[in-house]
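This report describes selected features of a structure, taking helix packing, strand pairing and backbone angles in turn. Please consult the sequence and the model shown below while reading.

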Number of protein chains: 2
Amino acid sequence: MTRDKALVQIEEMDRQLVMLEHIGSVLSWDQEIAASKKGLDERASQMGWISSQAHELACGEQMGEALSALGADRQHPEGSGADDFEKALIRIRFRAWDKNRSMSTELVRKISETASRAHDHWVEARNQNDWDVFKPDLQEVLELAKEKAECYKREGSSLYDGLLDDFEEGMKASQVTTLFASIKPRLVDLVQKLSEKQVDDSFLRMDYPVDKQEAFAKLVLDDMGFDFSRGSRAVSVHPFTSTLGCDDIRITTRYTDPSVMDSFSSTVHEGGHALYEMGASWGRQKGTSISNGASFGMHESQSRLWENMIGKNENFWIHYYPMFKEIFPSQTDGISLDRFVKAINKVEPGCIRVNADEVGYSLHIMLRFELEQDMFSGKISLDDLPSAWNEKSREMLGIVPKTFAEGVLQDVHWSSGDFGYFPTYALGNLYGAQIWERMRSEMDVDALLKRGKLGEIGSFLDTHVYKKGSLYKSSDLLGQVTGKPLDATIFSRYLEDKFSCLFGC
Amino acid sequence: MTRDKALVQIEEMDRQLVMLEHIGSVLSWDQEIAASKKGLDERASQMGWISSQAHELACGEQMGEALSALGADRQHPEGSGADDFEKALIRIRFRAWDKNRSMSTELVRKISETASRAHDHWVEARNQNDWDVFKPDLQEVLELAKEKAECYKREGSSLYDGLLDDFEEGMKASQVTTLFASIKPRLVDLVQKLSEKQVDDSFLRMDYPVDKQEAFAKLVLDDMGFDFSRGSRAVSVHPFTSTLGCDDIRITTRYTDPSVMDSFSSTVHEGGHALYEMGASWGRQKGTSISNGASFGMHESQSRLWENMIGKNENFWIHYYPMFKEIFPSQTDGISLDRFVKAINKVEPGCIRVNADEVGYSLHIMLRFELEQDMFSGKISLDDLPSAWNEKSREMLGIVPKTFAEGVLQDVHWSSGDFGYFPTYALGNLYGAQIWERMRSEMDVDALLKRGKLGEIGSFLDTHVYKKGSLYKSSDLLGQVTGKPLDATIFSRYLEDKFSCLFGC
């Protein structure tokens, strides 16, 4: 096969795979939003069928031949790619081909079956607050994840690295360990200091009518540059972003949390994900894998940058708080801007990761990452996992979960064997802070925020991050945007500066 | 291949095809309900891909071999099927295989492309009230439909019969002509007489809050036996029913029409379709093509039976009007049951089919059927179609459309080349009346309605119609249920009895 023909084939197959992904997203979106209770089993079969079609294509003979004609191998996954687009396309397809083919069909089937059962038992265990209901399944999931990791294992990588690489291409566990170690004591210290501050945020938990919350969030989404002709929003049990088509990118939120800021923050968070997806879908890369984000961590950096660095910024609220007050006059009666901003930035250690404040959040992740390392190395057994969890929670956050549901059973990820996923949440904070620092050195972000010019901030991110899609690994992209390698202390410094300004500590 | 193996293969392929249909329905449901404006093109590709997968399977070599091993041919489409299930399965798969294979891929592509363009021009023509914007496309669509009909043409069939057969297996245009001719003068006469009655229905067009309309409709759907664990409802531009899975059957309505009865009737109508789908999905036939309705006409008979014969029945309202009054006290203040029932059964000729009353509706269909015949035979040219439409409207309904949008451009069907579809709406009325008559001879329907026992009526239909799915052609099914062949005068007699009782004419 000639190089040109192989390239045409690879791009065609890649576009086909992206379309299959989008069909899968439609099935899964509808499952979350509208599917009948009794229809869930068939929906799972429908999604399974689409996945198997995609798997066959991604790992099939035709793909293998084209990749080989393009000279892609483990040393040179980008093969004979002539420009950044071609290099990325070949690299992405080679990586998927190589990783997925290394697993037997039998193992893939076992992982999927076990995860499904483990998920049901995880729900049951949470409801009954009984670790032993979930433990045997987790043991099985863990063994299978290790088997998978063995298949993925490449020279110079640890067992865990292969799993981490599924979410964060090229990242090593050892690097994450070093990054986290460089800031953990400072975060622990900061949480402790800030949690001593008395901050009244009770007015955030008053009755805020949903239609008015929707109106306010719409206003901010519009300013952010969310394109409602290319996307929409809905309500779901857990907030998420989904790409159902290159021009059909949707976000959800929920209005069941006690604070008005929960749904607003989640809208801005998912809005950040959506802007990334919308921006990456352009030109030749539209409809190809290149229009995905660079990695899970880089994606999370954009949602968290919008949610926290922008959406909880005092300058942001200088512009938006008057509108917020106008929409919610009685709820904010007598609440000054200063009091409002302090309230939405209140630091209060809690057991639940998804409700964590900006400072404590990364500690929740470090806790999980450390436990994942210990589970993989065999340093702790699953019998000891709940107490190890509680001990780390006490050390890092100063609190001990009272129930398993508040502790070791709170997250769904382990039930599906997604070890290596958690770190990407904290990596997102690190990438985000470094990009934020860079942006502030290039433009007067504070002045823009004060005038509600979110579009100009969005423009910077669009040019430097979104439009790049997955042309580059996130480490390379970060280097291009910020001119330096990943430095975790930028994040801890950002937090120290912001919170000392706000609360004077 | 052995007969047993062939049968297993046919059933497997059929189940696969049904799953693909359901995936297509999810894509299309989401398109109607939630898709982004700019996402529609990609959605069309997604649906096209699913269709082409289904087409390949339905007309592929494996299917052909299995059908041949089962001895299916045009004389014996049921092949060596041993029982009703096997016979139906083989018959359905043979028919799809035989009809679809008779068209070239080139023709299928041309039909699909032309329909897409014709649809856009139909919208434009309607908006601009300009027949000439649509005429050239319709000419092309018509020529392609004729080409398709030539491919479908079998011994003893007319050109139009092959198209009609797509919607109503085995039905002939000549039979439809005879059926319609037997009742047309009586319907014309009845419409004319009834339209002279003075009936005040203005209170139906007052402000009826949507949430209360939803609550009332939910109450009736529950009583009908609509299973909300196997289905749901939503709001859309045009009401429809969709089967997204054997246990995920959804209906929609709209609240934009002026009368409160429009959304209620459409809910009951779609509810009837949904009950059919829910009932047909059981036992071995669940997940196979046998769980589809017997034909378009039979499906429509069930929606219309629920909508009109039940939902506009005086006895139905003896039970429900007190609840309706309780939910809408101010809107129904001073309106007696008698006045209410007369109002919802008001006969008033109008130009628009979808807004037609129970008596006039079938005349709208006859008009279209006659024009389709004339277009196919070449008796009228498309230049003359608008005036032919208006002339027939004057003859049958006593009114002449003032615009093309109110006349020849009002329906979408012709733009997609769906000639042969319209008659099934009226056939539904005929089947429905005959089944209704039979049901009344078996049980005291009036007494059941007066007590709101819709479930017992649903049970009769479930046993005699729904559970049969597409085991039998609709003509055979009708014979089994009612003990006689289709007789259109049962419908006209039903109308004469009902409306003479109500309005004394």
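A helix axis is a line fitted to the C-alpha atoms over the stretch in contact, and the angle between two axes runs from 0 to 180 degrees between their N-to-C directions. The model discussed here is predicted. In it, helix 1 (residues 3-33) of chain B packs against helix 3 (residues 61-69) of chain B at an angle of about 135 degrees, and their axes are 9 Å apart. Helix 1 of chain B and helix 3 of chain B are therefore oblique to each other. Their crossing is left-handed. Helix 1 of chain B contributes B:Arg3, B:Ala6, B:Gln9, B:Ile10 and B:Met13 to the contact, while helix 3 of chain B contributes B:Gln62, B:Met63, B:Ala66 and B:Ala69. Of these contact residues, six are nonpolar, two polar and one charged.

In chain A, strand 2 (residues 241-245) runs antiparallel to strand 3 (residues 248-253), and four bridges join the two. One of the pairings is that of A:Thr243 with A:Ile249 in strand 3 of chain A. A hairpin of two residues connects strand 2 of chain A to strand 3 of chain A. Five of the five residues of strand 2 of chain A are buried, so this strand is largely enclosed by the rest of the structure.

Most residues other than glycine have a negative phi.

| Residue | Phi | Loop between |
|---|---|---|
| A:Asn129 | about 50 degrees | helix 5 (105-128) and helix 6 (131-152) of chain A |

A:Asn129 is partly exposed, because 14 other C-beta atoms lie within 10 Å.

Notes
Residues numbered from 1 in each chain as written. Chains lettered and ligands numbered in written order. Predicted model: local features only at pLDDT ≥ 70, side-chain atom pairs only at ≥ 80, totals over all residues. Parallel < 35°, antiparallel > 145°, perpendicular 65-115°, else oblique. Left-handed = near helix turned anticlockwise from the far one by under 90°. Contact = placed C-beta atoms within 7 Å. Nonpolar A, V, L, I, M, F, W, Y, C, P; charged D, E, K, R; others polar. Buried ≥ 20, exposed ≤ 12 C-beta atoms within 10 Å, placed from the backbone. Pairing = 2+ DSSP bridges.
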